[in-house]
Amino acid sequence: MAQGNEFTHSFTETSSAYGIMHRRIECQNLIEAFLLNCFPFHWPPASHSWIRLLGELPTKSQALEMSSAAVAASAIGHMFHDQALVKQGLNYYTQGLRELQKALWDPILMREDGTLAACMALSLYEALECPNLGSEGYFNHCRGLIALIQSRGHEVHSSGAGHRLFLGVRVPGILFSLKHHTSTMFFESTWMEQPWARIPKSSHDRVIDCLAQAPMILERVRSLPHLSIFQQVDLLHCLIGECWQIDKQLDVTYDEMRRSEADVLYWPVPSQTEPLVDSRDSENLFAVVFCFQNAQVAATLMLLWATRTMLWSGLFNMYQHLESVISLQKPSCVALEPLDQSSLSEVMGTFNPIDRCGEYLSVAHRVCQSVEYFLKDEMLLAGPLSVSPALGIVIDSLRNRPGHDREIAWIQAALEVVRRKGLRVLQDVNSI
């Protein structure tokens, strides 16, 4: 209504605009508080962090704003024991899902970095909050992330925010493939090389290159029972050679890390925390732990050791299977001419391979000795997010093996600490 030359507006006329503005400011404040209070200033490095993008990416969709606010409200709410804020996070999560669905139906918004970031934020919310008291929501988001990355194409992931988002999806995508026994795009040559067409790979990227090969190898291992003896021998011969090539790549990456750093990468120190497992009847399993030059070195080495644990334990199994096949065929070796015994001996005799891969438990111990570094209070939410993939890989590598009960109990106790520090999805799964 007008009064002279002045216009005045009733609250009703402006309430919608005011509500939108107020909500946007509230969401932005939450996201800023989340980034400032839930992560150390130095972690993760800005050039690799997708989480920092939650407060930076421009987008025409509300999906990113709602999804980021959901993560922020959940994390801040739990940090300060504010259940009202945690509940508000669930409300934002529901809105974020609805807005994301709209964006995915729009051919232009679907390709925006903000839409991918929103999907990643919702996945992180599932990991932090586990709203349905189960892991299926988290894994559904993983499926969606992999499909969205593929549909966007590798070209948009070779620089800038697109590259940082791709790096954030890569490890969860590989672990999803491992858990669900599915093939993965992350080992395809296009996806192993093109996202780095304009950016050199870091040591961490190269370790993940090695991890990315695991789902395809395990898929072929699972085919062994369905093959003839001759086919099993040929396949094992091939797989063993491939695995040792991966092991060599890990050695090269580690050597490059040592050459590129002026100081030592890590060093042993006495543990400063109470034992995770009651050790009244035995010594503390990890009384000596590792300190690292910095968090990026720590994350890279921990993942390298976890990958090697899986690799060596798998090789140990393959050698045992190969030996059993040979022993079964010895009585009929004259009739089975295609079985090349000299070739098999050559494979099994190179570099004392059985002795080398039989040391997988000592490598697993290195992963466990790295956990205390990440679970210090000052690491905040970055600690649990960093250790859970490596611990999940190691516990899956040791499970169902005799003689590793103490290590498995210790890792389960460590994962419980990780869950209490924020990754609530671990109440339902071993790793994310």
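Of the 432 residues in the protein chain, 50% count as buried (under 20% relative accessible area with a 1.4 Å probe, protein chains only; exposed means over 50%, and partly exposed lies in between). The model is predicted: local features need pLDDT of at least 70, side-chain atom pairs count only at pLDDT 80 or more, and totals for chains, interfaces and linings use all residues. Residues are numbered from 1 along each chain as its sequence is written, and side-chain values use heavy atoms, with hydrogens and water left out.

The protein chain holds 16 helices and 4 strands (DSSP runs numbered from the N terminus; H or I of at least four residues for helices, E of at least two for strands). Contacts are heavy atoms within 4.5 Å. Among contacts with a separation of 6 or more, 76% join residues 24 or more positions apart.

Thr-300 sits in helix H11, which spans residues 295-329. Thr-300 counts as buried because its relative accessibility is 3%. A polar atom of its side chain lies 2.9 Å from the backbone oxygen of Gln-296. Leaving aside residues up to four places away in sequence, Thr-300 touches Ser-203, His-204, Val-207 and Met-257.

Leu-224 belongs to a loop. That loop runs between helix H9 (214-221) and helix H10 (229-260). Leu-224 has 6% relative accessibility and therefore counts as buried. Residues up to four places away aside, Leu-224 touches Gln-232, Leu-235, Leu-236 and His-321. Leu-224 and His-321 are 97 residues apart in sequence. Their C-alpha atoms are 9.9 Å apart in space.

Definitions and conventions: Polar contact = N/O pair within 3.5 Å; in protein donor to acceptor, adjacent residues only side chain to side chain.
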